[in-house]
Amino acid sequence: MPDDIYDILEKCSFTVKDVSYIGNPKPNTAVFVTKKVQNLLNNLVNVNNCLVFVENGIKCSDFIKRKHYFVYSDNPQNQYANFANLIYKERIKKERKKKYIYEQGYYIGENVTIGENAYIEPGCLLGHGVSIGKNACIFAGTVIKNTIIGDNFLSNEHAVIGAAGFTMAEDINGNKFRIPTLGGVRIGNNVEIGACDNISCGSGNDTIIEDFVKIDALVHIGHDAHIGKNVEITAGSIVGGFTGIDECSFLGINSCIRNRIDIAENSVIGMGAVVTKNVLPNMTVIGNPAVKM
């Protein structure tokens, strides 16, 4: 860990205990802001005591600066990544001290809660702290970590829920290294997850799947995505990180949604569509790049 991270933490007048996202910052966490998302800086108005890694040249009000500790650099993502790795290493030390038990053909971690009438097939793994509601059906090979799930949940074979997201930074030599995803996944009631799906954890906050969402097989949901109530996502679809899909929308087979896209309610994304711009309510888009039908 670079020494400057420890120097920065010593200079803070408050404790920084975790990380979060500038789109939804939490008190006493670290966030980073590049010019690409500088419009989100105003989200810091309603919270206190954030360690803010910010790109040189970005201007911010004195009011916000008084509430937080700002560190300017040419590469704020790199500094944030170093801090996130510090948090991650401490978590891993604690996690590796915990034990799994083998029960009825599947592995279960510590502090796991499983609701009544749950059915779990052999070959599954439930990680530490997972919570699952009533009447769950979890089929063979499913892996669930860092996740809270509501009632009447269905997971088909070999789904992975709570996987690490894919976020990378560069060191001073231009080499890639992973930014750990330190958030979780929250799933509502009556949700179905397809075979071989991958649901990523949030980077600092949570990936959210609301009630009655139905997801077909071979779907990827990126970190910090927010899937609204009654959304249907068909086979082979890819949803990028920080994407929002509002209620009652439909994603066709093999559709691809770029990161940081907002899809409004009752939208239809056509089969194979590549969505690179926000989609308005009740709109149908098709093609690559996707356009209004």
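**Entry 1: the largest pocket**

I started with the largest pocket, and its volume comes out at about 920 Å³. I keep in mind that this is a predicted model. I counted 35 lining residues, and R91, E95, K145, N146 and T181 are the ones nearest the centre. Helix α3 gives the largest share, with seven residues. Sorted by class, I found 14 nonpolar, 11 polar and 10 charged residues in the lining of the largest pocket.

**Entry 2: the second largest pocket**

I then looked up the second largest pocket, which has a volume of about 550 Å³. Its lining has 25 residues, and nearest the centre I noted Q77, T167, H223, F242 and R260. The elements that give two or more residues here are β2 and α3. This lining holds 11 nonpolar, 12 polar and two charged residues.

I found an open sheet of four strands in the order β1-β2-β3-β4, paired in parallel. Which strands stand at the edges? They are β1 (18–19) and β4 (69–73); each has a single partner strand, so one side of each has no neighbour in the sheet. I followed β1 to β2 (residues 29–33) and saw a parallel pairing over two bridges. In this pair, V19 stands opposite A30 of β2. Finally, I traced helix α3 (residues 76–95), which packs on the sheet and touches β1, β2, β3 (51–55) and β4. The direction of α3 makes about 155° with that of β2.

Key. Residues numbered from 1 in each chain as written. Predicted model: local features only at pLDDT ≥ 70, side-chain atom pairs only at ≥ 80, totals over all residues. Heavy atoms only, no water. Pairing = 2+ DSSP bridges. Contact = heavy atoms within 4.5 Å. Axes fitted to C-alpha atoms, helices over the stretch in contact; angles between N-to-C directions. 1 Å grid on protein atoms, 1.4 Å probe; cavity = no way out; pocket = protein on both sides within 12 Å on 5 of 7 lines; lining within 4 Å. Points joined across faces, edges and corners; volume = space filled by probe spheres on them. Nonpolar A, V, L, I, M, F, W, Y, C, P; charged D, E, K, R; others polar.
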